[in-house]
Amino acid sequence: MTLAPELNRVPDGIRHIHVMGICGTGMAALAGLLQEAGFVVTGSDTATYPPMSLFLAEKGIPVAEGYRAANLDPRPDLVVVGNVIRATNPEAQALAALAVPYLSMPQALGHFFLAGARSLVVAGTHGKTTTSSLLASVLHHAGLTPGFLIGGLVQGFGANHALGGGQYFVVEGDEYDTAFFDKGPKFLHYRPGIAILTSIEFDHADIYADLAAVEAAFRRLVGILPADGGLVAWGDDPKVRAVAAGALCPVELYGEGPANDWRLAAVEPQGTGSRFAVEHRGQAYGTFVLPMPGRHNAANALAVIAVLHRLGLAPEAIAAGLASFAGVRRRQEVRGTEAGVTVIDDFAHHPTAVRVTLAGLRQAYPGRRLVVVFEPRTNTSRRNIFQAEYAAAFGDADRVLLREPLPMDGLPASERFSSARLAADLAAAGQQAASFADTGAILADLGTTLRPGDLVAILSNGGFDNIHQRLLAQLRAQAASFCPPA
């Protein structure tokens, strides 16, 4: 049984909304927004893990474990279907049989929260979460109370969403497909007034055939920007410039090259953050401090500066907002320090993201041994598409520990990523590297090789078997065994 297209709509008199796939970062944020807007919200998912499972529990939103017809009893007024759901899902089949109206997550966000707002959409292969978090945070610091939905928990808010109270709504614009009944990119539903385009690289190999298909998706986003809107685009990449050229609205380029409208004139480390100067069309605009390391984060902040200038904020107000930024969960997030070892959690998984993240950590923690633990977990990183590129991405690491990825159903062995091969390639280039079958084996290795002063960066887009807390507990227990009470 299939979902009836005529039921893909918003009915009258909605009270109860059920969210399928609720523990995805964006889905949980939408559920929170719907609850705050006054709806009764329920959800369902499987194999949940923090931080979203804890977030939903704190909200008091009930989440059924597993997908089944019983989750739609009592019958909801509307169902939001996450893109993790397939047509054969038993709960989707029950939804079709009950003939309940349904929306995708992007449709729901657009209908309930973006229709009357000025939508500020942050898109691109890299940097979306950090850039959108910076944008929302600085707007909030300036007293403009934006609404937002972001793919990471923003530390200053303790949330990844807010209804807001002003005209602006910040959205992280994902290029992933919308739902099994709508294979277009999510960001096409976000009604962008102003957009940031941070980068364009090949990713999401499960839905995009090649780089040209990715570029075509971003062209569609640029094409729906209104003539009185705006586009701020990374000008140091010819691919981004070519896509931006199709905009009907004003375009401002940002980057490090002299041809950009907005230019990073200098970036200097400042503790675990950065200090950078900005030029606007060849004239000094201001000097800014960001409590995050790395040139890539300074570039993310530069895009935000360009948008905020367009919205009328003064450089001093922008600087104050950037300096107060408290970070984002799972983006160079310090999870703790035990026995002199600092454990950092980061979402990086694409080779470019791995490279710039490690460069930023090297800048922020000079002189410390950098041990990197990497889990290939995305549908792209578990393929061998970037097998060779990963070998050049870990150059700033002193030691690399790689988990063998779980095999993907139906993917031939010849197309699978090999952590063992990557470890061998890194070793051949003179780096210390090893691959491991599971998380337990990685923890056992770390238990015998870490020493005080080490920095452990754990890179994964998933829960990684709670390795961060397990490692910290292991280090704490080891330290106690060496230091018996007096």
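Predicted model: local features only at pLDDT ≥ 70, side-chain atom pairs only at ≥ 80, totals over all residues.
Residues are numbered from 1 along each chain as its sequence is written, and side-chain values use heavy atoms, with hydrogens and water left out.

Helix α2 spans residues 52–59; helices (H or I, at least four residues) and strands (E, at least two) are DSSP runs, numbered from the N terminus. Its buried residues are Met 52, Phe 55 and Leu 56, where buried means under 20% relative accessible area and exposed over 50%, with partly exposed in between (1.4 Å probe, protein chains only). These residues lie on the same side of α2 because they cover an arc of only 95° around the axis, taken from the directions from the helix axis to the C-beta atoms. An α-helix has 3.6 residues a turn, so residues three or four places apart point the same way. Ala 57 and Glu 58, on the other side of α2, are exposed. The cover over the buried residues of α2 includes α1 (25–36), β3 (63–65), β7 (147–154) and β8 (159–162). Just after α2, Gly 60 has a positive phi of about 75°.

Not counting residues up to four places away in sequence, Phe 394 touches residues including Val 354, Leu 358, Phe 374 and Gln 431.

A search of the whole structure finds one cavity of 30 Å³ or more. On a 1 Å grid over the protein atoms alone, a cavity is a set of points where a 1.4 Å probe fits but cannot get out, and a pocket is an open set with protein on both sides within 12 Å along at least five of seven lines; lining residues have an atom within 4 Å of a point. Strand β13 (residues 230–234) gives the most to the lining of the largest cavity, with three residues. The second largest pocket is lined by 15 residues, with Pro 291, Arg 331, Gln 332, Glu 333 and Val 334 nearest its centre.

Note on methods
Contact = heavy atoms within 4.5 Å. Points joined across faces, edges and corners; volume = space filled by probe spheres on them.
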